[in-house]
Amino acid sequence: MTAFVDTNVLVRHLTGDPPEMAARATAALRSESELLLTDLVAAETVYVLESFYEVPRNQVAESVRSLIGFGSVACVDPALLLRAVEVYETDRIDFAEAYLVASAESTDVGRILSFDRSLDRVETVERIEP
């Protein structure tokens, strides 16, 4: 790894805002040999794009998929992140809950203890209430 990549670099690259910083962010993403994208930074990127930039869900999902597939970007578990993005986009739940779903599926736990009824939209896991 050459470095961990932070949310602000990813957001600048994805939004082009502000242009000068965006150009520097994109250049850095292209020039580094390997950058580690953590799950937390991916989640924060989703949050910033949704809340501050008001990017539509399908574009947010596509943006995160593009980051995961970026040549210089490495993830601890890209399949888990990609599944979280898929659940986020198709079942229209918050990214944190989508990540929980992907984690429950990948570990064969299959159950999530939560008050959040939006999880009931996902048929691959069972939500249980405390």
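## Asp 108 and its loop

Helices and strands are DSSP runs, numbered from the N terminus. In these terms, Asp 108 lies in the loop between α6 and β4 (111-113). The model is a predicted one.

Phi of Asp 108 is near 60 degrees, which is a positive value in a residue other than glycine. Asp 108 has a relative accessible area of 70%, so it is exposed.

## Arg 92

Arg 92 also has a positive phi, near 55 degrees, and is a residue other than glycine. Its place is in the loop between α5 and α6. Exposed means over 50% relative accessible area. Arg 92 counts as exposed because its relative accessibility is 51%.

## A cis peptide bond

The peptide bond that runs from Asp 17 to Pro 18 is cis, and its omega is near -15 degrees. Pro 18 is placed in the loop between α1 and α2 (19-31).

## Helix α3

Helix α3 covers residues 39-51, which is 13 residues. At 1.5 Å a residue the helix should span 18 Å, and its end C-alpha atoms are 18 Å apart, so the two values agree.

Which residues of α3 are buried? They are Val 41, Ala 42, Thr 45, Val 46 and Leu 49. These residues cover an arc of only 145 degrees around the axis, and therefore they sit on the same side of α3. Leu 40 and Tyr 47, on the other side of α3, are exposed.

The buried residues of α3 pack against several elements: α1 (7-15), β2 (35-37), α4 (57-69), α5 (78-90) and α6 (95-106).

Definitions and conventions: Residues are numbered from 1 along each chain as its sequence is written. This is a predicted model: local features need pLDDT of at least 70, side-chain atom pairs count only at pLDDT 80 or more; totals for chains, interfaces and linings use all residues. Side-chain values use heavy atoms; hydrogens and water are left out. Helices (H or I, at least four residues) and strands (E, at least two) are DSSP runs, numbered from the N terminus. The expected span of a helix is 1.5 Å times one less than its number of residues. Buried means under 20% relative accessible area, exposed over 50%, partly exposed in between (1.4 Å probe, protein chains only). The arc is that of the directions from the helix axis to the C-beta atoms. Contact means heavy atoms within 4.5 Å.
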